[in-house]
Each structure stands twice: as structure tokens, then as C-alpha cells.
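Grab your viewer and work along.

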Amino acid sequence: MKKFNTQALFQNRLKYAVLTLMLVVVAGCTSLRLAYNNGDTVLYWWLNAYVDLDRDQKGWVREDIDKLFDWHRKTQLKDYVEILRKGQKQVQGNPTQADLLADYSEIKSRTQSLLLKAAPDLADLARSLKPEQVAQMEKKFKSNNDDYRKKFLTGDQEKRQQLRYKKSMEQFELWFGSFSSEQEAIIRKASDARPLDNEIWLDERSRRQRNVLNLVQKVQNEKLSKEATVALINTLIKDSFERLEHSDRKAFFDTFDNSTAQMVLTVIKIATPAQKAHAVKRMQGWIDDFNSLAAQPK
């Protein structure tokens with residue numbers, strides 16, 4: 001990427017965008033290959049919505065996104081195939097909570113590696129943004145938080161539990177197909193057993209956003225070099241992944257992760273042979289798509 005001069009990074013939101021690229025298999029797309037092959041365009045427009053890229057930025061931002069996807073296609077997709085193959089075995093076997101938590105840790109590790117790979121490009125973008133673009137990013141953060149409040153912080157606990165359960169069922173139905181009413185009742189009970197505190201999630205989200213904006217201001221005020229900016233971005237990325245292990249909310253997050261793993265184990269346990277076959281077939285389709293994508297240029 002070319003060298004420019006100003007600022008901005010939005011690691012938190014990019015993390016979820018990249019994770020979507022990693023796990024597009026669970027996004028419900030009818031064509032994984034079509035979704036992946038258009039992922040660079042989707043990511044470009046997502047970035048543009050946050051900072052309103054100017055004419056000079058648009059070309060090299062597209063170029064760098066293309067390079068990131070090229071690296072990802074050549075080096076990461078085969079690993080995703082192995083993750084899915086392990087998933088097929090787990091669905092057909094008797095996985096433990098430790099197995100599922102290890103899978104989650106592996107996904108987090110791969111997400112962090114992908115973000116760190118993008119750090120030099122993010123540094124160029126961070127140093128290129130103008131004050132009005134930074135203001136646009138801050139405005140977008142606020143708008144997203146307002147939307148979150150409207151969706152997840154309204155109504156009583158029953159309403160919030162129901163909303164969370166429905167989101168989980170969308171994923172389970174993608175993998176296993178439809179469930180009986182008896183199965184749904186069991187899954188709902190497991191879903192409700194998870195701790196529910198959407199205020200915590202919003203607070204953590206806001207914390208990350210403030211960290212991003214603080215980084216932006218530091219880059220701008222001190223006119224940091226690319227090397228110094230990359231170092232700050234790397235630290236922010238690593239800290240965001242490590243924070244949950246060291247925060248005063250660790251007990252909450254650990255309980256949430258463990259109870260979520262238990263919910264998934266419950267679904268696997270009560271799934272019928274036909275539902276498990278559905279999941280294995282679904283994963284095989286994604287395996288075939290990933291192998292095809294890895295073998296071909298865009």
C-alpha cells in the first residue's frame with residue numbers, strides 16, 4: 001500500500017467483518033463460492049460506510065483488500081477445510097465441552113492472525129484519513145450502538161431471551177435442518193441457561209470503540225510513522241483478544257462460553273441420525289467449496 005498521512009482504525013468492527021469472511025459458512029449463504037468471490041467488494045463498501053473514502057484512497061484501498069483476499073485464499077482456506085472435517089467427526093461422535101472450547105480458541109487465534117496480517121494496510125489507512133472521516137467513523141459507532149440498544153436493551157428478560165434463542169436457532173437450523181417442538185423446548189432451556197447481560201456486551205463494545213478513537217487521536221496529534229502506527233495497531237488487536245482473560249468480568253465471560261458450549265453439546269446429543277447427516281452433508285458442501293476456492297485464482 002502507498003504511504004499517506006493522517007489516521008483511523010476500527011479494529012473491533014473489522015474483527016467481525018473478517019470473522020464473517022472466515023466463517024462465511026455459517027452466514028446462511030446459498031453459494032459460499034459466490035459469497036467469498038465477492039467478499040472483497042463487500043469489505044470495501046463496509047469500510048466506505050465507516051469513513052467515506054475519498055477519490056485518492058479508493059484505488060489503493062481496493063488494491064490492498066484484493067491482496068489480503070489473495071493471501072487468505074492461498075494460505076487459510078485449506079485450514080478451514082480441516083476445521084470442518086473435525087466438525088463432521090464431532091457431530092457424528094461424542095464431543096466434550098473441552099473440544100468445543102478448543103475449537104472456539106482456534107477460531108479466535110485464526111481471526112487474530114488475519115487481523116495482524118492486515119495491520120500494515122490498516123496503518124496506511126489510519127494515517128491517510130482526514131479529520132472529517134474520523135468524525136464519520138465516530139458517528140457510525142454511535143449509530144450502531146443506538147441500533148444495538150433498540151434491538152437488545154428493550155423489553156423484559158423474556159423478550160431478550162426469546163430474541164437470543166431465535167438467533168441461535170437460525171444457526172442450528174442452518175446446520176441440522178428443522179427441529180421438532182420437543183427438541184426446540186430442550187434447546188430453549190439450554191439457551192436460557194446462558195447468562196444474559198446485554199449491557200455488558202454494549203459496554204465492552206463501547207470500550208473497544210473508545211480505544212480505537214484514542215488511537216486515532218494519538219496518530220493524528222503525534223503524526224506517527226507507519227512503523228509506530230503498526231505497533232499501536234498490533235497492540236490494540238492483541239489487547240482486545242486478551243482483555244476477556246484478564247478483565248474483572250472474566251467470570252461472566254467464562255460462564256457464558258461454557259454454557260454456550262453446553263448448549264451446542266445439547267443440540268448434538270438430541271439430534272436425530274437424519275439431522276446429523278444433514279449437518280455432515282452441509283459441511284461437506286462447504287469443504288468442497290473451500291477446496292475449489294483455494295485451487296483457483298479469483
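**Exercise 1.** Find where Asp52 sits in the chain, then look up its phi.

*Solution.* Start with the elements: helices are DSSP runs of H or I with at least four residues, numbered from the N terminus. Asp52 falls in the loop between helix 3 (39-51) and helix 4 (55-75). Next, its phi comes out near 55°, which is positive although the residue is not glycine.

Two notes on conventions before we go on. This is a predicted model, where local features need pLDDT of at least 70 and side-chain atom pairs count only at pLDDT 80 or more, while totals for chains, interfaces and linings use all residues. Residues are numbered from 1 along each chain as its sequence is written, and side-chain values use heavy atoms, with hydrogens and water left out.

**Exercise 2.** Work out how helix 5 and helix 6 are oriented to each other, and sort the residues of their contact by class.

*Solution.* First, get the axes, which are lines fitted to C-alpha atoms over the stretch in contact, with angles from 0 to 180 degrees between N-to-C directions. For helix 5 (residues 77-92) and helix 6 (residues 97-128), the axes come within 12 Å and cross at roughly 165°. Helix 5 and helix 6 are therefore roughly antiparallel (the label for angles over 145 degrees).

Now list the contact (heavy atoms within 4.5 Å). Helix 5 brings Asp79, Tyr80, Ile83, Lys86 and Gln90, and helix 6 brings Asp99, Leu100, Asp103, Glu106 and Arg110. For the classes, Ala, Val, Leu, Ile, Met, Phe, Trp, Tyr, Cys and Pro count as nonpolar, Asp, Glu, Lys and Arg as charged, and the others, Gly among them, as polar. The contact of helix 5 with helix 6 then splits into 3 nonpolar, 1 polar and 6 charged residues.

**Exercise 3.** Repeat this for helix 6 and helix 11: what is the angle between them?

*Solution.* Helix 6 and helix 11 pack at about 150°, with axes 8 Å apart. That makes helix 6 roughly antiparallel to helix 11. Among the contact residues are Leu115, Leu116 and Ala119 of helix 6, and Val230, Ile233 and Phe241 of helix 11. By class, this contact has 11 nonpolar, 4 polar and 6 charged residues.

**Exercise 4.** Classify the ring pair of Trp46 and Tyr50, then that of Trp201 and Phe253.

*Solution.* Rings of Phe, Tyr and Trp (its six-membered ring) pair if their centres lie within 6.5 Å; planes under 30 degrees apart are stacked, over 60 edge-to-face, and the rest tilted. The count comes to 11 aromatic pairs. Trp46 and Tyr50 are 4.9 Å centre to centre with 50° between planes, a tilted pair. Both lie in helix 3, 4 residues apart, about one turn of the helix. Trp46 is buried at 19%, and Tyr50 is buried at 2%.

For Trp201 and Phe253, the centres are 5.3 Å apart and the planes at 50°, so this pair is tilted. The pair links distant parts of the chain, with Trp201 in helix 10 and Phe253 in helix 12 (residues 250-270), 52 residues apart. Trp201 is partly exposed at 28%, whereas Phe253 is buried at 4%.

Notes. Helices (H or I, at least four residues) and strands (E, at least two) are DSSP runs, numbered from the N terminus. Angles under 35 degrees count as roughly parallel, over 145 as roughly antiparallel, 65 to 115 as roughly perpendicular and the rest as oblique. Buried means under 20% relative accessible area, exposed over 50%, partly exposed in between (1.4 Å probe, protein chains only).
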